[in-house]
Amino acid sequence: MKIMGLPNWLHWTAWFVNNFLMLLISVILMVVMLKVPWYSGTVVTVFTHSNWLLIFIFLMLYAVAMICFCFMITSFFSKANSASTVAGLAWFVLFAPYLFIQNNYTELSLSTKLVTSLFSNTAMGYGFQLILMHEGTGKGIQWDNVWEPATQDDDLYFGHLIIFMLLDAAIYLLIAIYVEAVFPGAYGVPKSWYFPFQKSFWCESQVARKKMGKENTDFSEKRKEHNFEQEPELPIGVQIRNLHKVYNNKTAVDHLNLNMYQGQITVLLGHNGAGKTTTMSMLTGMITPTSGTASVGGYDIRTEMNNARGSLGLCPQHNILFNEMTVREHIYFFGKLGPAPAAGRARDVMLKLAPLLRPVSPLEYGHKIRLFLLSVMSSLLYYAPVSSYLRRYRYNHLRYVYHRTPIPWDSRIRGLAVRFFTRAQASSNMIVRGIGRLRRSWPSLPPNQGRRCESPCRRWQLKGMDSKGIEDEIKRYLHILELEPKENSQSHTLSGGMKRKLSAAVALCGNSQVVMFDEPTSGMDPAARRTLWDLLRSEKQGRTIMLTTHFMDEADLLGDRIAIMAGGGLQCCGSSFFLKKRFGAGYKLIIVKDTACDVDKVTHTLRRHIPSLEVDQNIASELSYLLEEGMSSLFEPMLQELEENKPSLSILSYGISLTTMEEVFIKVGKDLELTTQEDDIDDSLPELEPETKEQQLKHQKLHTHSWCFHNTLVGKPVETRLIGGPRRLWEGSVKMHMKEV
């Protein structure tokens, strides 16, 4: 849920409310037992004179402190059993100060009592002792004596303990939040220990995003450019720069550089252990990169992971669903989850509306600016409060937008921006009415131009949909994925294929702008796979989709760009046609032969047209030949002759196919293996230093007892000495005995 945009505060709040409600029932029962008379005909209770509401408030504050204390303990552990054991021991430790000092209570100073009250259990012991002391006076604890001592010698008030209960809860909660941020465990990006003192923690930093555009942008020299197709001119959704991850001195991802574009499906291929899942885990913030960085939706994963998750959708390799929730509830929950930060929404809306300012628009210069700013303001005011971020973003983002458009940034635009942004407290209806008045005053405005200004604001809104929109979303995904009969079924009752469909719908719902699928069709039947393929192709517009798979036909069909990883590094990237042309061996002629077929006769017939033709494979009833791509003009007469002589050559059928993605994938892996072997040989062979004249004379004298060979792989001469006589017998016997040992 955190990966898909669940705010950290909401996660803690949900657990707090859950535990608070359960403890509320316990506290109510305790107050009833303390204030209800247990003997007939009498009004005597455990706390006869004390106010029941004060007792209830004190117990609830203690419960709140205990919840925060448990949060603090869980932040130090990743296993529930360990956390439970330590929490039980720590609970008794919190009560230990009161056990040691209760007999000397009257001799303690106020400062000592207050310092020990930082332990919540000790504060609870002090509180009940004061209640009993007030009961002894015959008045009990009341609202009018909360800030009065129980005895003349006592300087500790019941009000002090109420304040310290709140202080204890705040301290425990702050420790929990800090430890979780600095030590997130196996899954999460840790922050520096001094992050509360950084400016970027209190207000979103622009430094990281600026550095992202300049850092490591030129990596053409570090890879074989002929294996990479030219980058398209599309908006970049995911930008990976020198991403590197090492596990126990083993490189999982080796300085990966890759761009993924909006409106495209980028397929990431690779054998098991190539680094695909590790790369996806780093992009989603589950693990921390050793070095390098990436930008997801324009946000740096090192410093702005929370903002990046606001528009992120994930379909993991294994189904992560709630057993008790129905199919409908899953889509509803994740569709409402994780609204994007207001600042990110402002920037994205501005960039989306920037094309309205192009010179081809029939509007005049000033009208373009007003229409643009009014559209931006209407969307911002409709979907999020703006008072918290407008001051910080009103200049930088508008300047960035106009630098990307042909319209210059001059004083008129700056003044207009200031005027509109300083009036940001106006209602959304006022802004929309302003757009309507401007539209009516422009007769040359095309009918659909106005709709372009209003609808993108809703369509480009990031995750977190309204109630009406999410209902339409639920119906659409249920219909496309054929899950309508299971709409109200709990997820644990679904089959494996249906769970994969639901996981895909969860990733796509809520207008996720960057969606990552880790083997989404695993465990699906062919019909379900094609249903999901159709969904992905229809949903890629306006999204950046990353997909990993082991089905080559799936990659060939869905991938606008296919990237192949091997050994943790990126080996090639491009469209399916580009990779087949680059790594393929041309065309393949496949012939299904009869038992009486003469292979030599068939080959002789084909060589009349292509003299250099050779048999590729001859297995059972299948005979294949590799055809060079440059000879495609000779295919027609060759196939025509083959068709005419099918009976005489005992040929049942034939066909020509282009290189498949499976062949490309295997060839890329073999090329890497050969390259690695050559590098290992280079590293293992010693480098010879230039010989002196004395060494050359010595080698000439020993020429009759030595010989040199030349390494054919690397071309380095290596000297080998031949040993003879008694020395040879001695070393041979020693080696024989060592082998037996």
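Is E554 buried or exposed? E554 is buried, with a relative accessible area of 0%, where buried means under 20% relative accessible area, exposed over 50% and partly exposed in between, computed with a 1.4 Å probe on protein chains only. The model is a predicted one, in which local features need pLDDT of at least 70 and side-chain atom pairs count only at pLDDT 80 or more, whereas totals for chains, interfaces and linings use all residues. Residues are numbered from 1 along each chain as its sequence is written, and side-chain values use heavy atoms, with hydrogens and water left out.

**The chain as a whole**

The chain holds 29 helices and 16 strands; these are DSSP runs numbered from the N terminus, with helices being H or I of at least four residues and strands being E of at least two. Of the 741 residues in the chain, 45% are buried. Among contacts between residues at least 6 apart in sequence, 72% join residues at least 24 apart, a contact being heavy atoms within 4.5 Å.

**Helix packing**

Two packed helices are described by the angle between their axes and the distance between the axes. Here the axes are lines fitted to C-alpha atoms, for helices over the stretch in contact, and angles run from 0 to 180 degrees between N-to-C directions.

| Helix pair | Angle between axes | Axis distance |
|---|---|---|
| α2 and α6 | roughly 20° | within 8 Å |
| α3 and α5 | about 45° | 6 Å |
| α2 and α5 | about 170° | 10 Å |

The axes of α2 (residues 52–74) and α6 (residues 158–182) cross at roughly 20°, which makes α2 roughly parallel to α6. Angles under 35 degrees count as roughly parallel, over 145 as roughly antiparallel, 65 to 115 as roughly perpendicular and the rest as oblique. By class, the contact of α2 with α6 has 19 nonpolar, no polar and no charged residues; Ala, Val, Leu, Ile, Met, Phe, Trp, Tyr, Cys and Pro count as nonpolar, Asp, Glu, Lys and Arg as charged, and the others, Gly among them, as polar.

With axes at about 45°, α3 is oblique to α5, and the crossing of these two helices is right-handed. The contact is made by W91, L94, F95, P97, Y98 and I101 of α3 together with S120, N121, T122, M124, G125, Y126 and Q129 of α5, and its residues divide into 8 nonpolar, 5 polar and no charged.

Helices α2 and α5, at an angle of about 170°, are therefore roughly antiparallel to each other. Their contact brings F58, L59, Y62, A65 and M66 of α2 against S120, N121, A123, M124, G127 and F128 of α5, with 8 nonpolar, 3 polar and no charged residues.

**Nonpolar cores**

A nonpolar core is a set of buried Ala, Val, Leu, Ile, Met, Phe, Trp, Tyr and Cys residues joined through side-chain atoms within 4.5 Å. Of the 46 residues in the largest such core, F69, I73, Y126, L156, F158 and M165 touch the most other members. The elements that give two or more residues to this core are α1 (8–35), α2, α3 (80–101), α5 (120–136) and α6, and α2 gives the most, with 16 residues. Apart from it lies another core, of 45 residues, among them V506, C509, W533 and A555.

**Individual residues**

E554 sits in helix α22 (residues 552–558) and, leaving aside residues up to four places away in sequence, touches T521, R529, W533, L547, T549 and G559. K540, in the loop between α21 and β8 (544–548), counts as buried at 15% relative accessibility. Beyond residues up to four places away in sequence, K540 touches G263, Q264, I265, I545 and D560.

Most residues other than glycine have a negative phi. E519, in the loop between β7 (514–518) and α21 (526–539), has a positive phi of about 50° although it is not a glycine, and it counts as buried at 14% relative accessibility. A620, in the loop between β12 (615–619) and β13 (622–627), has a positive phi near 55°, but at 69% relative accessibility A620 counts as exposed.

Terms used
A crossing is left-handed if the near helix is turned anticlockwise from the far one by less than a right angle, and right-handed if clockwise.
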